[in-house]
Amino acid sequence: DAACPFDRRRSGMIMGAGGIGMVLETESSCQERMKLPAIKGCNPCEIRARLLATQYSNSAFHGAALDRKHIASELNRFLSEIELVHGISRAEIATHGVYFSHETSTHASAAASCAGNEVGALRAAFGDELLSKLLILNTKGFTGHPMGVSFEDVAAVEVLMRQVVPPMPNYKERDEYLGDIKISKGGAYACRYALRFAAGFGSQVAFALYASSQHE
């Protein structure tokens, strides 16, 4: 119960550990596999999800803290590039997508907190109306903060495959400072996209956008 992301009671990060593995393949390689003889019970070209885009940057803002303005500007840049290259609008991501947050349950402070920085950046990039439609997910209440291990990427693929979302762990009390946000309650949820945010010491900021296997 100590790990309660986005909850008003959050008061500190809990460390975690683990490991993940993902296989990334180009579409041309996948098409080559389609030519292989069929194997009973196995689809030689089963696509779990599509990784449409990634972006990484570093503001050198602080050794540990994150720069809210930098997160917002980089998210804006990422979403603009997505629309330019893939034709996917912010409205479509908000309406038909989920957001995997980096939120580490750090102290609930109006001045500085991981959740506050993320929500502030999301609100700057999407606006209040679209943000109210974007479902927010978090896995660190289940796993703790495993630092370099990105459980969220695997969870994003699983959500797109299964069309089922996990609930926000230990969420009980709304934080008025964060405003109106759509916190996951878990269960079946139809979605096409998973927007992933990750951050690291030294103000490292990374984004990824996954799409369901049906996306063309």
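Helices are DSSP runs of H or I with at least four residues, numbered from the N terminus. The exercises below concern a predicted model.

**Exercise 1. Classify the salt bridge between Arg77 and Glu74 by its position in the chain and by the exposure of each partner.**

Solution. 
1. The closest N and O atoms of Arg77 and Glu74 are 2.6 Å apart.
2. Buried means under 20% relative accessible area, exposed means over 50%, and partly exposed lies in between. Arg77 has 44% relative accessibility, so Arg77 is partly exposed. Glu74 has 10%, so Glu74 is buried.

**Exercise 2. Carry out the corresponding analysis for Arg162 and Glu158.**

Solution. 
1. Arg162 and Glu158 form a salt bridge whose closest N and O atoms are 2.5 Å apart.
2. The two residues are four residues apart in helix 6, which means a separation of about one helical turn.
3. The relative accessible area of Arg162 is 55%, so Arg162 is exposed. For Glu158 the value is 27%, so Glu158 is partly exposed.

**Exercise 3. Describe the surroundings of Glu103.**

Solution. 
1. Glu103 is located in the loop between strand 2 (97-100) and helix 4 (114-131).
2. Its relative accessibility is 0%, so Glu103 is buried.
3. A polar atom of the Glu103 side chain lies 2.9 Å from the backbone nitrogen of Phe6.
4. Leaving aside residues up to four places away in sequence, Glu103 touches Pro5, Phe6, Arg10, Cys114, Ala115, Glu118, Asn138 and Lys140.

**Exercise 4. Identify the central members of the largest nonpolar core and the elements that contribute to this core.**

Solution. 
1. The largest nonpolar core has 36 residues, of which Phe6, Leu75, Leu122, Phe126, Ile181 and Leu209 touch the most other members.
2. Two or more residues each come from strand 1 (49-58), helix 2 (68-86), helix 3 (90-96), helix 4, strand 7 and strand 8.
3. Helix 4 contributes the most, with eight residues.
4. Another core, of 15 residues, lies apart from this one; Phe100, Ala155, Val157 and Leu160 are among its members.

**Exercise 5. Locate the nonpolar surface patch that includes Phe201, and explain why Phe201 counts as exposed.**

Solution. 
1. Met13, Met15, Met147 and Phe201 make a nonpolar surface patch of about 410 Å².
2. Phe201 sits in the loop between strand 7 (193-200) and strand 8 (204-212).
3. Phe201 counts as exposed because its relative accessible area is 54%, the limit for this class being over 50%.

Conventions: Residues are numbered from 1 along each chain as its sequence is written. This is a predicted model: local features need pLDDT of at least 70, side-chain atom pairs count only at pLDDT 80 or more; totals for chains, interfaces and linings use all residues. Side-chain values use heavy atoms; hydrogens and water are left out. Patches are made of residues with over 30% relative accessible area and no salt bridge: like charges are joined within 9 Å, nonpolar side chains (Val, Leu, Ile, Met, Phe, Trp, Tyr) within 5 Å. Accessible areas come from the Shrake-Rupley method with a 1.4 Å probe; for residues, only the protein chains shown count as cover. A salt bridge is a side-chain nitrogen of Lys or Arg within 4 Å of a carboxyl oxygen of Asp or Glu. Buried means under 20% relative accessible area, exposed over 50%, partly exposed in between (1.4 Å probe, protein chains only). A polar contact is a pair of N or O atoms within 3.5 Å; within protein, one must be able to donate a hydrogen and the other to accept it, and residues adjacent in sequence count only if both atoms are side-chain atoms. Contact means heavy atoms within 4.5 Å. A nonpolar core is a set of buried Ala, Val, Leu, Ile, Met, Phe, Trp, Tyr and Cys residues joined through side-chain atoms within 4.5 Å.
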